[in-house]
Amino acid sequence: MRLACLTTAAILVATPLAAQTMRDCDTFEANARNTYGPYEETIREFANGAIRVIALDVGEPAGGSFHVMVTYPHPEDPWQHCALISSENNIGFGWLNMAEVEASYDAAIGLSVTIPIETVSGVASWDQILTITVNQATGTVTPVLSGNAPAPAPTGSK
C-alpha cells in the first residue's frame, strides 16, 4: 500500500496540474461584458496600441473564471486577430494580477508580457506566471505557464 501511495504521489508530482489552452475568441468568454475595471489595469496596450492584453472575468466557476484575451496584428490580414488564453478548455484561471503585468521586447521573439496568476485545482491553489509572447512579424501568440504546482500531501499511514 505504501508503495502504491508513493507511486501515485510521484505521478502527481510529475504531471502538471494546470496547463494553458489557447483558442480563437469566438466564444462567450471573449465577450465585452466580461471586461472589468479598473480598465487602465485590466486592458493593457503595447506596441503603440497594436497589441492588447485584456483580462476577462466570466464569474463562474469560482476558482476558474478569469481568462486572457490578446488582440494582435497579423502580417497577412488587415484586421486584428484574437487569441483567448484559459487554464484548460472552458475553465479560466483563479485570478489575474493585472496590476503587476510586465512587458519586454526582443526583436528576435517579439513582445513578452508576464502576468502573475493564481491556479486552482480542487481545493489547492498556487501562484504561477503566465508569459504571453506575441510576434508581430509571424502573427503568432505563444502562452507559457511557469512555476510548479505544490507537491501533493502524503496520504495513508506508515
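**Hairpins and sheet**

Mentor: Start with the hairpin of S9 and S10: it has 4 residues between the strands, and Gly 139 takes a positive phi near 70°. Strands here are DSSP runs (E, at least two residues), numbered from the N terminus. This is a predicted model, where local features need pLDDT of at least 70, side-chain atom pairs count only at pLDDT 80 or more, and totals for chains, interfaces and linings use all residues. Residues are numbered from 1 along each chain as its sequence is written, and side-chain values use heavy atoms, with hydrogens and water left out.

Trainee: Over how many bridges do S9 and S10 pair?

Mentor: Over 7 bridges, in the antiparallel sense. Two strands pair if DSSP finds at least two bridges between them. S10 covers residues 140–146. Thr 133 stands opposite Thr 142 in S10.

Trainee: And which residue in the turn of S8 and S9 has a positive phi?

Mentor: Gly 122, at about 65°. That hairpin has 2 residues between its strands. S8 (residues 110–121) and S9 (residues 124–135) run antiparallel, joined by 11 bridges. Thr 114 has Thr 131 in S9 as its bridge partner.

Trainee: New topic. What is the order of the open sheet?

Mentor: S1-S5-S4-S3-S2, so five strands by DSSP runs, with antiparallel pairing. The edge strands, S1 (21–24) and S2 (43–46), each pair on one side only. The twist averages 20° from one strand to the next.

Trainee: What joins S1 to S5?

Mentor: 4 bridges, with the strands running antiparallel. S5 spans residues 80–86. Met 22 stands opposite Ile 85 in S5.

How values were computed
Axes are lines fitted to C-alpha atoms, for helices over the stretch in contact, and angles run from 0 to 180 degrees between N-to-C directions.
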